[in-house]
Amino acid sequence: MARALIIGCGAVATVAIKKCCTCSEVFSEICIASRHRENCEKLAQELRPNTKTVITTAAVDADKAENVAKLIKEYKPDLVMNIALPYQDLAIMDACLECGVNYMDTANYEPENIDDPEWRKVYDKRCKEQGFSAYFDYSWQWAYKEKFEKAGLTALLGSGFDPGVSQAYCAYALKHQFDTIEEIDILDCNGGDHGYKFATNFNPEINLREVSAPGSYWDTDENGKGHWVEIPAMSIKREYNFDEVGQKDMYLLHHEEIESLAQNIPGVKRIRFFMTFGQSYLDHMRCLEDVGMLSTQPIKFQGQDIVPIQFLKALLPDPASLGPRTVGKTNIGCIFKGKKDGKDKTYYLYNVCDHQECYKELGSQAIAYTTGVPAMCGAMMVLTGKWNKPGVHTVEEFDPDPFMEALTKYGLPWQENFNPVLVD
Ligand code: NDP
C-alpha cells in the first residue's frame with residue numbers, strides 16, 4: 001500500500017500509469033501531474049472505473065523545484081516517479097531531497113538549453129576529460145549521491161528499457177551466467193512500421209538529439225585502462241538478424257547506460273550500443289539537421305521566438321498516436337562475452353515485444369510499452385523495499401531477480417540464447 005506521485009502523462013507515463021492501476025495492492029494511490037492537468041484528468045477518468053487505485057491529478061510545472069516541492073508537501077507521496085522529460089530531473093531531485101521522498105526516472109539529465117553558458121562550461125570540461133560529447137551524462141545526478149545517502153533516500157535512475165532493463169540484464173548475466181563479463185553489446189531493434197515517412201517513437205526532441213549526436217563506445221587499451229572512443233554520428237554500421245524480426249541495419253550510438261556499466265561491471269573491457277534505423281528515417285533526419293530544424297537555439301520568426309526542434313515536434317505525429325498504425329516487433333537485449341568456470345562463454349538475453357499486442361492491451365505502441373512497464377516495475381521495487389539503497393543508483397546496482405520477475409509478470413518476459421551470433 002503506497003502512494004506515488006507520477007510527473008508526466010505522455011506516451012511512456014501513460015503505459016506506466018495503466019500498469020500501476022493493475023497493481024493496486026502496491027500502487028494504492030497515485031497522483032498524475034503535468035503542466036496540462038486536463039491530459040492527466042482525461043487519463044484518470046478513463047482508468048477510474050476499472051481500478052482500485054485511487055487516482056487524483058494536479059497541474060505542476062516541474063521545471064522549478066519549488067513547484068514540485070509544494071505538490072509533494074500537499075500529496076505526501078512515498079515515491080516521485082519522474083516520467084516527464086530529462087530536463088526536469090534535477091529540479092525534481094531537489095524537491096525530493098527537500099521533502100524527504102524517494103525518487104525515480106527513466107532518462108538521465110540533460111539541459112533544455114544547451115547554449116546556457118554556465119552549463120556549457122561544465123560540458124566543455126567534461127568533453128575534454130571524458131572524451132564523449134553527448135549532451136547528457138550522469139555527472140549531474142551522481143553529484144546528488146551524498147545528499148541522498150545522508151537523507152536515507154533512494155534515487156533510482158533510468159528505469160526504462162534502455163537504460164533500465166538493459167542494465168538489469170547485465171546484472172542478471174553477471175549474477176547467474178558469468179564469473180567475469182568482458183564485452184557487452186546492447187542491441188536495440190525496432191522492427192515496427194507506422195506507415196509514416198518520418199516519425200519518432202518517443203519524444204521527438206529527445207530522440208532526435210540522441211540520434212544526431214556523435215556515437216561512442218567504451219574500450220580498454222593494452223594497459224587495461226578503460227576509455228571512450230568517439231566516432232562521427234552513424235559511422236559504424238552493422239547488419240544483424242534479429243529473432244522474430246529479421247535482418248536489420250543497426251548503427252553504433254552513444255547511450256547513457258554505457259557510462260554506468262563501465263563503472264559497475266567489474267573487468268568489463270568493451271561496451272557498445274547499437275540501434276536499428278531504416279534508410280528513410282536517416283535521410284529525413286540528415287536533411288532536417290542540414291537545414292537547421294534540429295537546432296535548440298531560438299530564432300526570431302515574424303516577431304516571435306521559436307525553437308526549431310520544438311516547431312518540428314509540433315509538425316510530427318504525436319508518438320502516443322502511433323499505436324493503432326504500428327505493426328511489427330521490437331527486439332531489445334544484450335549479447336555478453338566473458339568467462340564461466342575458466343571457459344569462454346557467450347550469452348544473449350533479450351525481449352521481443354509486438355506493437356499490435358501492446359496496442360490491444362494498453363492502446364500504446366511497443367516503444368512506450370517497453371519503457372513504461374520497467375518504469376512501473378522499478379517504482380514497485382522501491383515502494384516494496386526490494387530496492388532500497390540510500391544514494392543515487394542505476395538499475396545494475398540492484399538485485400535483478402525480483403525486477404525481472406516483475407517484468408515477466410507485467411508483460412516483458414525475457415528470452416535466452418546460449419550460442420548467439422556475435423557482432424563484429
Ligand atoms: P512525451 O513527450 O510523450 O511526454 C512528456 C510528458 O512530460 C508530458 O506529459 C508533458 O506534459 C510532461 N512534461 C514536460 N515538461 C514538463 C514540465 N516542465 N513539468 C511537468 N511535466 C512536464 O515523452 P515520452 O513519454 O515519450 O518520454 C518520457 C520520458 O521517457 C523521457 O524522459 C524520455 O527520454 C524517456 N524515455 C526513456 C526510454 C528508456 O528506455 N529508458 C525510452 C523512451 C523514452 P505537459 O506538457 O502537460 O507538461
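A pocket, as the word is used here, is an open set of grid points where a 1.4 Å probe fits, with protein on both sides within 12 Å along at least five of seven lines. In this predicted model, the second largest pocket holds about 250 Å³ of space. Its lining is made up of 15 residues, and those nearest the centre of the pocket are Ile-114, Tyr-135, Ser-212, Glu-289 and Leu-294. Sorted by class, the lining of this second largest pocket comprises eight nonpolar, five polar and two charged residues.

**The ligand and its surroundings**

The ligand is surrounded by 27 residues, of which Cys-9, Ser-34, Arg-35, Ala-62 and Asn-203 are the closest. When this shell around the ligand is divided by class, 14 of its residues are nonpolar, nine are polar and four are charged.

**Aromatic pairs**

Across the whole structure, a search finds 22 aromatic pairs. One of them is formed by Trp-119 and Tyr-123, whose ring centres lie 4.7 Å apart and whose planes meet at 15°; because planes under 30 degrees apart count as stacked, this pair is stacked. Both residues belong to helix 5, which spans residues 117-130, and because they are four residues apart in that helix, about one helical turn separates Trp-119 from Tyr-123.

**Two backbone features in loops**

Most residues other than glycine have a negative phi, and most peptide bonds are trans. Against that background, two places in the backbone can be pointed out. The peptide bond that joins Asp-162 and Pro-163 is cis, with an omega of about 10°, and Pro-163 is placed in the loop between strand 6 (154-157) and helix 8 (165-176). Gln-302, a residue other than glycine, has a positive phi near 45°, and Gln-302 is found in the loop that runs between strand 13 (299-301) and strand 14 (304-306).

Notes: Residues are numbered from 1 along each chain as its sequence is written. This is a predicted model: local features need pLDDT of at least 70, side-chain atom pairs count only at pLDDT 80 or more; totals for chains, interfaces and linings use all residues. Side-chain values use heavy atoms; hydrogens and water are left out. A residue is near a molecule or strand if one of its heavy atoms lies within 4 Å of it. Ala, Val, Leu, Ile, Met, Phe, Trp, Tyr, Cys and Pro count as nonpolar, Asp, Glu, Lys and Arg as charged, and the others, Gly among them, as polar. On a 1 Å grid over the protein atoms alone, a cavity is a set of points where a 1.4 Å probe fits but cannot get out, and a pocket is an open set with protein on both sides within 12 Å along at least five of seven lines; lining residues have an atom within 4 Å of a point. Grid points are joined across faces, edges and corners, and a volume is the space filled by probe spheres set on the points. Rings of Phe, Tyr and Trp (its six-membered ring) pair if their centres lie within 6.5 Å; planes under 30 degrees apart count as stacked, over 60 as edge-to-face and the rest as tilted.
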